[in-house]
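Open the model in a viewer and keep the selection panel at hand.

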Amino acid sequence: MTLARLIGTVGGVGYLRPAPGTWGSLAALPLALALHLLGGFPLLAVATVAVLVAGTWATGVMTARQDDHDPSEIVIDEVAGQFIAIWAVSYPAWAHDIAVTALWPGWIAAFLLFRLFDITKPGPIGWADRRGDPFGVMLDDVIAGAFAAVGVLILAGIAHGVLGL
């Protein structure tokens, strides 16, 4: 397995069926947890940038001279997007010295919202997906992750502010 394929498929996770994108998103969760536990939100943020750079490169290598610009086995984009969705949990935990695992409802919401936005591709997510280049492959998941993070923040505000939980 080449380095590009190892990165692009997240160590082969992208070959799992059915729904390789969901498997890639699931694989991102323990990675995000480990990064947060090792270095808090700053390490997760740096790792996210590294995943974006490495993922864009790997996607370019894997799709060079191919008709399919976004083959299903490439799931590094899901890892990047899921990491961004988890920022809405990691940052508050880190900033307020809260155990990140205590915010488990946020982890579930981040996963579900990210998958929802990544699958349905509303608005700018669909635009990015239609770019047809390696950056577009990564960008649609970055935007889906940002949408999911905002959704997590809204849900946390409702749960803790409106509902008083």
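This is a predicted model: local features need pLDDT of at least 70, side-chain atom pairs count only at pLDDT 80 or more; totals for chains, interfaces and linings use all residues.

**Stop 1: α2 and α4**

Select residues 20–63 for helix α2 and residues 104–120 for helix α4. The crossing of the pair is right-handed.

Next, show the side chains where the two helices touch. On α2, pick Gly21, Thr22, Ser25, Leu26, Leu29, Ala32 and Leu33. Facing them on α4 are Trp107, Phe111, Phe114 and Arg115. Colouring the contact of α2 with α4 by class gives seven nonpolar residues, three polar and one charged.

**Stop 2: serine 25**

Stay on α2 and centre on serine 25, which belongs to this helix. Is serine 25 buried or exposed? Its relative accessibility is 0%, so serine 25 counts as buried. Which residues does serine 25 contact, leaving aside its neighbours within four places in sequence? They are Glu78, Gln82, Phe111, Phe114 and Arg115. Among these, Phe111, Phe114 and Arg115 are also α4 residues in the contact with α2.

**Stop 3: α4 and α6**

α4 passes α6 in a right-handed crossing.

The α4 side of this contact consists of Gly106, Ala109, Ala110, Leu113, Phe114, Phe117 and Asp118. From α6 come Asp140, Asp141, Ala144, Gly145, Phe147, Ala148, Gly151, Val152 and Leu155. By class, the contact of α4 with α6 holds ten nonpolar, three polar and three charged residues. Highlight Phe114: it is listed in the contact of α4 with α6, and it also meets α2.

**Stop 4: alanine 85**

Now select helix α3, residues 76–95, and find alanine 85 in it. Alanine 85 has a relative accessible area of 0% and is therefore buried. Leaving aside neighbours within four places in sequence, show its contacts: Ala110, Phe114, Gly145, Ala148 and Ala149. Of these, Ala110, Phe114, Gly145 and Ala148 are also named in the contact of α4 with α6.

To finish, draw a C-alpha to C-alpha distance from alanine 85 to glycine 151; the value is 8.9 Å, across a sequence separation of 66 residues. Glycine 151 is one of the α6 residues that take part in the contact with α4.

How values were computed: Residues are numbered from 1 along each chain as its sequence is written. Side-chain values use heavy atoms; hydrogens and water are left out. Axes are lines fitted to C-alpha atoms, for helices over the stretch in contact, and angles run from 0 to 180 degrees between N-to-C directions. Helices (H or I, at least four residues) and strands (E, at least two) are DSSP runs, numbered from the N terminus. A crossing is left-handed if the near helix is turned anticlockwise from the far one by less than a right angle, and right-handed if clockwise. Contact means heavy atoms within 4.5 Å. Ala, Val, Leu, Ile, Met, Phe, Trp, Tyr, Cys and Pro count as nonpolar, Asp, Glu, Lys and Arg as charged, and the others, Gly among them, as polar. Buried means under 20% relative accessible area, exposed over 50%, partly exposed in between (1.4 Å probe, protein chains only).
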